[in-house]
Amino acid sequence: MGTGAMRLNSKGQVTIPAEIREKYGLHPGDEVDVIEVGNTLQIVRRESSSTRGQRAAQRLRGSATTSMTTDEIMGLLRDE
């Protein structure tokens, strides 16, 4: 089982070591829960959190500023 020493900062935050973040696919913006199990704390990925791609799409949704139709845009992309 992988472990990594982490230090609690003055704001109560810890940094998860890069090798552990990479191993478990944790990325900036991912949500995690800290749960107490007996005398230990576990960091658990929040399953209901959206992916980075979903968050990016949510930020962009409704921000288009063109009067072109989808078919016109697709025609430009296809070089028609």
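This report walks through the predicted model of a protein, from its overall shape to a few loop residues.

Please keep in mind that the model is predicted, with local features needing pLDDT of at least 70 and side-chain atom pairs counting only at pLDDT 80 or more, while totals for chains, interfaces and linings use all residues. Residues are numbered from 1 along each chain as its sequence is written, and side-chain values use heavy atoms, with hydrogens and water left out.

**Overall picture**

The protein has 3 helices and 2 strands, where helices (H or I, at least four residues) and strands (E, at least two) are DSSP runs numbered from the N terminus. Read from the N terminus, their order is α-β-β-α-α.

How does the radius of gyration of the protein relate to that of a compact globule of 80 residues? The protein has 21 Å, whereas such a globule would be near 12 Å. The radius is taken over C-alpha atoms, and the globule rule is 2.2 Å times the number of residues to the power 0.38. Along the principal axes, the C-alpha trace spans about 65 × 25 × 20 Å.

Buried residues make up 9% of the 80 residues; buried means under 20% relative accessible area, exposed over 50%, and partly exposed in between (1.4 Å probe, protein chains only). Of the contacts (heavy atoms within 4.5 Å) between residues at least 6 apart in sequence, 14% join residues at least 24 apart. The protein exposes about 7400 Å², and carbon and sulfur atoms supply 52% of that area. Accessible areas come from the Shrake-Rupley method with a 1.4 Å probe; for residues, only the protein chains shown count as cover.

**Confidence**

The predictor's confidence in each residue is given as pLDDT, from 0 to 100. The mean for the protein is 85, and 91% of its residues reach 70 or more. Where pLDDT is low, the predicted coordinates should not be read in detail.

**Residues in the loops**

Let us turn to the loops. Asp30 sits between helix 1 (18–23) and strand 1. Which residues does Asp30 contact, leaving aside its neighbours within four places in sequence? They are Gly25, Arg45 and Arg55.

Glu47 belongs to the loop between strand 2 (40–45) and helix 2, and Glu47 is exposed, with a relative accessible area of 68%.

The loop between helix 2 and helix 3 holds Ala64, and Met68 is found between helix 2 and helix 3 (70–77) as well. Ala64 counts as exposed at 66% relative accessibility, while Met68 is partly exposed at 35%. Apart from neighbours within four places in sequence, Met68 is in contact with Ile73 and Leu76.

| Residue pair | Separation along the chain | C-alpha distance |
|---|---|---|
| Asp30 and Lys11 | 19 residues | 19 Å |
| Ala64 and His27 | 37 residues | 27 Å |
| Glu47 and Arg61 | 14 residues | 23 Å |
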